[in-house]
Amino acid sequence: MKKLLSVVLVLLMILSLAACGGDKTEKDDTTNPTSSDKTSESDKTGEANEIKTTLFTLAYDDSVWNYIEDELTNEEDYCFVNLQILDPDDSEYYLIDAEIEVSLEEPYDFREDLVYYGFDQYEYKVEETYETVKIGGVDLLKYNDGEDTLIYFNRIEGAGATVCIEFDAEDITDGRIGELLKGLTVTLEDVGNEDGPWEWEGKAFSTDDHSVTAGAFTVSSKFIPFEEHISTFETFNHSIAAVGDTVYVLVDGELRECHYDGTELVFVRPIELPEDDYEIMHATADGSLWLSGSMNDILCLKDGAVVNTYEDIDNLAMHPSGAWGVDYFTSNECNIVTFNGATYSATPVIFKEADTIMNVNVDENNIYVCASAADDSGHKVFIYNKDGVLQKTLCDAEGEGLGSITFVTQTANGYIGFDGNMRDVLLWNNDGTFIAEISDSDLFDTNYPWFCSSTVLSDGSILTLMTDEREDRSATEVIVFQVKGF
């Protein structure tokens, strides 16, 4: 089912951090390392209380811990409890927040969290490299950020379960944490569950060439594999740019240079970046790459080296000439930035027909502002000239809103756009009249991809980069297609 709320989902995904996964036992860690001069309030006389759920039982000292009953979830497949030690000087604040979560679920969120917290999947599963600790009768990995976060988590495969215990504390070595863990018993049943294949066990994406008739045009696609597949846990923020037969891909903040021979993308070298959270990339006619995103300085690279950086620009959509671009964020108040070596000048421009901007593209003649309409008529593509004067508006066949356009450009036959939200390729003629929508499954044989980024090649065809989950769910891959025919 196509979804119209991917932007909201992006925010929810960014805000949600859960842990999971599991295997090898080395030691017991139910008493956290703590300085000998620390005192534990659990030594005080208090009533022993017990929280019993279907998946775990927790005994705790109520003179130490404040049990937040409203947060309790006790279901057959998901149990959660939250306790806190409140600040004695201000009960509006806590010194320690503890969350215990046990769930019967598929393994995929755990695998994502495993990587997020710095563990290698292969080292974890095959090499059994990582030490675990016994807590509540199960073996858990330990993660701490060295500051205020301590997490124990693992996958209990035979039970088809994930266990996560997270502490947010002023002092993660506080002995009261270890005392609480001593009272936990996880009550999972080994049902002989076997999780689905890991990335290296699964089947990489592959498909044949495809073509679709759209109006008077036949649009075709050709799958362009990487020499070695690239997997990711990030659905949205990847980019692609071409300079002749060199193609650059920016995945998870890592920039790779590849050679493109028309059939395959062969890895040439990595290119080191000063930060690992760049998301947007454009190539210009002189072979330069322009990178932006995540509130970093703008980077201009040439031949793999940074030649200039620019401050106080948010996201940058570059004109192919490399002389100017559009500085944008979410507001319709943007800037035309003109570059002169290591400096630039900014001229304000207001794209008044647009409201919240999601994406901006610039080609030889046009600025494409992909945004919700100021008149609340939905997401549309507003085409402006460099002075910010509206030229055309692209919408659907009924004149209504689109999903979320991640790339649009003009061809000899009109305009082509990639709708990430609706998973469609859209065509309009040169006066902006809607021609057709082509579904991802028909043109690419994909499942439910997100169109991340596209780049126009010298022959007018388009390389489009997307993410899609494999059929066996062993990984989400970064995949590339060449699109022709319009």
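Which residues line the second largest pocket? They are Lys-203, Ala-204, Phe-205, Ser-206, Asp-445, Asn-447, Asp-468, Glu-469, Arg-470, Glu-471 and Asp-472. A pocket here is an open set of points on a 1 Å grid over the protein atoms alone, where a 1.4 Å probe fits, with protein on both sides within 12 Å along at least five of seven lines. Lining residues have an atom within 4 Å of a point.

This is a predicted model, in which local features need pLDDT of at least 70, side-chain atom pairs count only at pLDDT 80 or more, and totals for chains, interfaces and linings use all residues. Residues are numbered from 1 along each chain as its sequence is written, and side-chain values use heavy atoms, with hydrogens and water left out.

Stay with the pocket for a moment. The second largest pocket holds about 260 Å³ of space. That volume is the space filled by probe spheres set on the points, with grid points joined across faces, edges and corners. Its lining divides into 7 charged, 2 polar and 2 nonpolar residues. Asp, Glu, Lys and Arg count as charged; Ala, Val, Leu, Ile, Met, Phe, Trp, Tyr, Cys and Pro count as nonpolar; the others, Gly among them, count as polar.

A salt bridge is a side-chain nitrogen of Lys or Arg within 4 Å of a carboxyl oxygen of Asp or Glu. Arg-473 is partly exposed, at 35% relative accessibility. Glu-469 is partly exposed as well, at 30%.

Now step back to the whole chain. It has 486 residues, and 49% of them are buried. The C-alpha trace spans about 80 × 50 × 45 Å along its principal axes. The chain contains 38 strands and 5 helices. Both are DSSP runs numbered from the N terminus: helices are H or I with at least four residues, strands are E with at least two.

The structure holds 9 salt bridges. Among them is the pair Arg-155 and Asp-195, with the closest N and O atoms 2.9 Å apart. Arg-155 sits in strand β10 (residues 149-156), while Asp-195 sits in the loop between β12 (184-186) and β13 (210-214), so the pair ties together parts 40 residues apart in sequence. Arg-155 and Asp-195 are both buried. Arg-155 has another partner: its side chain makes a polar contact of 3.1 Å with that of Thr-162. A polar contact is a pair of N or O atoms within 3.5 Å; within protein, one must be able to donate a hydrogen and the other to accept it, and residues adjacent in sequence count only if both atoms are side-chain atoms. Thr-162 lies in strand β11 (residues 161-169). Thr-162 is buried, with a relative accessible area of 2%.

Next comes helix α4 (residues 175-182). Of its 8 residues, 6 are buried, so the helix is largely enclosed by the rest of the structure. The buried ones are Gly-175, Arg-176, Ile-177, Gly-178, Leu-180 and Leu-181. Arg-176 meets Asp-174 in a salt bridge of 2.7 Å, N to O. Arg-176 counts as buried at 7% relative accessibility. Asp-174 counts as buried at 11%.

Asp-87 makes a contrast. Asp-87 is buried yet has no salt bridge. Its nearest side chain of opposite charge, Arg-176, is 9.4 Å away; Lys and Arg count as positive and Asp and Glu as negative, while His and the chain ends are not counted. Asp-87 belongs to strand β6 (residues 78-87). Its side chain does reach the backbone nitrogen of Asp-89, at 2.9 Å.

Finally, look at two loops. Most residues other than glycine have a negative phi. Asp-252 has a positive phi of about 55 degrees. Its place is the loop between β17 (246-251) and β18 (254-260). Asp-252 is partly exposed, at 38% relative accessibility. Asp-376 also has a positive phi, near 65 degrees. Asp-376 lies in the loop between β29 (367-373) and β30 (379-384). At 71% relative accessibility, Asp-376 counts as exposed.

Key. Buried < 20%, exposed > 50% of the residue type's maximum accessible area, 1.4 Å probe, protein only.
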